[in-house]
Amino acid sequence: MFLAWNEIKRNKLKFSLIISILIMISYLLFLLSGLANGLINMNTEGINKWNATSVVLNKNANTTLAQSKFSQDLIDNQFTDVAKVRQTGVIASNGDIEENALIYGLEENSFIVPKIVDGTSPSQTNEVAIDKTLHDKGFNIDDTIEFAQSDVEVMITAITESAKYNASGVMFGNMELLSEINPQYKSDEINAAIVKDEKFKKSDLDDSLEVVPINTFIEQLPGYTAQNLTLNFMITFLFIISAAVIGIFLYVITLQKTSLFGVLKAQGFTNGYLAKMVFSQTLILSLIGTVIGLLLTIITGLFLPEAVPIAFNPFTLLLFAIILITVSLLGGIFSVLSIRKVDPLKAIG
């Protein structure tokens with residue numbers, strides 16, 4: 001470690017280039033991980049707050065809540081804790097702002113409604129609660145809301161925690177409100193039943209229905225899997241690129257020091273000792289580059305606008321930092337192999 005650090009100090013410019021590359025790679029890697037988490041959160045935030053085990057849907061709905069419809073009588077007495085849901089996409093306006101949103105029709109005291117952070121829970125058909133996403137976009141308590149596809153008007157009485165569903169803000173009303181907004185609903189029809197029951201697989205459902213585990217339901221959200229696969233591939237390739245770049249840089253530097261390693265070998269330094277020096281040098285460089293990249297990422301996150309879907313997970317950032325340092329060390333293997341081949345007599349001569 002002593003020799004490794006002293007060489008870095010004596011050749012600041014040379015090693016600064018490697019550190020700069022590592023900073024840029026780690027910075028991009030951490031930003032991509034935050035973007036991946038943010039996009040996942042946009043799609044699944046509301047679903048995760050259900051704390052549900054499964055969702056009951058019409059078999060012909062292709063695991064899509066909005067396309068599913070069935071009589072609520074078909075699930076009576078099937079589960080210990082269930083929330084019956086109607087859902088409709090709307091274009092909501094308070095006179096100043098128009099926004100695409102989803103509106104849920106729910107039974108009273110449904111566990112689907114997130115924690116209310118301001119106002120009072122809706123008690124009338126013409127009242128709704130909105131999630132924080134819509135509040136941040138300009139909707140407020142006591143605003144009168146009109147819908148583009150209906151003559152119905154409602155008033156906002158409460159704001160809940162953010163509960164985005166498939167990147168859309170959410171409103172919460174009762175079943176009757178959904179029937180007024182969308183007259184196609186029959187009096188006994190719902191889109192889905194959200195279930196909190198670990199024994200959901202043992203239910204005896206009608207043949208027209210299916211019970212979908214909540215993880216499967218999330219994976220079937222439009223674009224969810226393709227989006228995650230794309231970002232994960234990008235992150236994986238960044239790890240590979242990181243190992244390749246630092247490996248190439250260290251290998252070139254090692255070739256430049258062939259005569260030096262020959263002299264050290266002639267003085268009695270073993271291959272193992274020299275390999276430790278190279279790995280120590282790689283560890284120092286990767287630590288410096290990764291830490292600076294992480295700090296730049298955190299600073300960037302503080303200044304990004306709320307419209308950018310980014311969310312940093314401390315555990316993920318730490319895991320990626322460890323992996324990045326590990327693959328950098330793996331990239332130094334080529335240098336170690338080249339050191340083993342150095343012949344002291346040829347190097348000195």
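## Close-up views of the predicted model

**View A. Strands β6 and β9 run antiparallel and are joined by two bridges.** The model shown in this and the following views is predicted.

**View B. Strand β6 (residues 127-131) has five of its five residues buried, so the rest of the structure largely encloses it.** In a regular strand, side chains alternate between the two faces of the sheet. Glu-127, Ala-129 and Asp-131 point one way from β6, whereas Val-128 and Ile-130 point the other way. The residues on both sides are all buried.

**View C. Strand β1 pairs with β11 and with β12.** Both pairings are antiparallel: three bridges join β1 to β11, and five bridges join β1 to strand β12 (residues 209-213). Val-56 has Ala-193 as its bridge partner in β11, while Leu-57 stands opposite Glu-210 in β12. Because five of the five residues of β1 are buried, this strand is largely enclosed by the rest of the structure.

**View D. The largest nonpolar core of the model comprises 27 residues.** The residues with the most contacts inside this core are Trp-50, Tyr-104, Ile-112, Tyr-165, Ile-194 and Phe-217. At least two core residues come from each of α2 (12-50), β1 (54-58), β3 (82-93), β4 (98-106), β9 (169-174), β11 (192-195) and α5 (214-219). A second, separate core has 19 residues, including Leu-134, Ile-159, Met-171 and Leu-178.

**View E. Ile-194 and its contacts beyond its neighbours within four places in sequence.** Among the residues in contact with Ile-194 are Trp-50, Ala-52, Ser-54 and Val-55. Ile-194 also contacts Asp-81, Val-82, Ala-83 and Val-85, together with Phe-111 and Ile-112.

**View F. Helix α2 passes helix α9 in a right-handed crossing.** The axes of α2 and α9 (residues 314-331) come within 11 Å and cross at roughly 145°. From α2, Leu-22, Ile-25, Ser-26, Leu-29, Phe-30, Ser-33 and Asn-37 take part in the contact. These residues meet Thr-316, Leu-317, Phe-320, Ala-321, Leu-324 and Ser-328 of α9. Eight of the residues in the contact of α2 with α9 are nonpolar, five are polar and none is charged.

Terms used
Residues numbered from 1 in each chain as written. Predicted model: local features only at pLDDT ≥ 70, side-chain atom pairs only at ≥ 80, totals over all residues. Heavy atoms only, no water. Core = buried A, V, L, I, M, F, W, Y, C linked by side-chain atoms within 4.5 Å. Buried < 20%, exposed > 50% of the residue type's maximum accessible area, 1.4 Å probe, protein only. Helix = DSSP H or I, 4+ residues; strand = E, 2+ residues; numbered from the N terminus. Contact = heavy atoms within 4.5 Å. Pairing = 2+ DSSP bridges. Axes fitted to C-alpha atoms, helices over the stretch in contact; angles between N-to-C directions. Left-handed = near helix turned anticlockwise from the far one by under 90°. Nonpolar A, V, L, I, M, F, W, Y, C, P; charged D, E, K, R; others polar.
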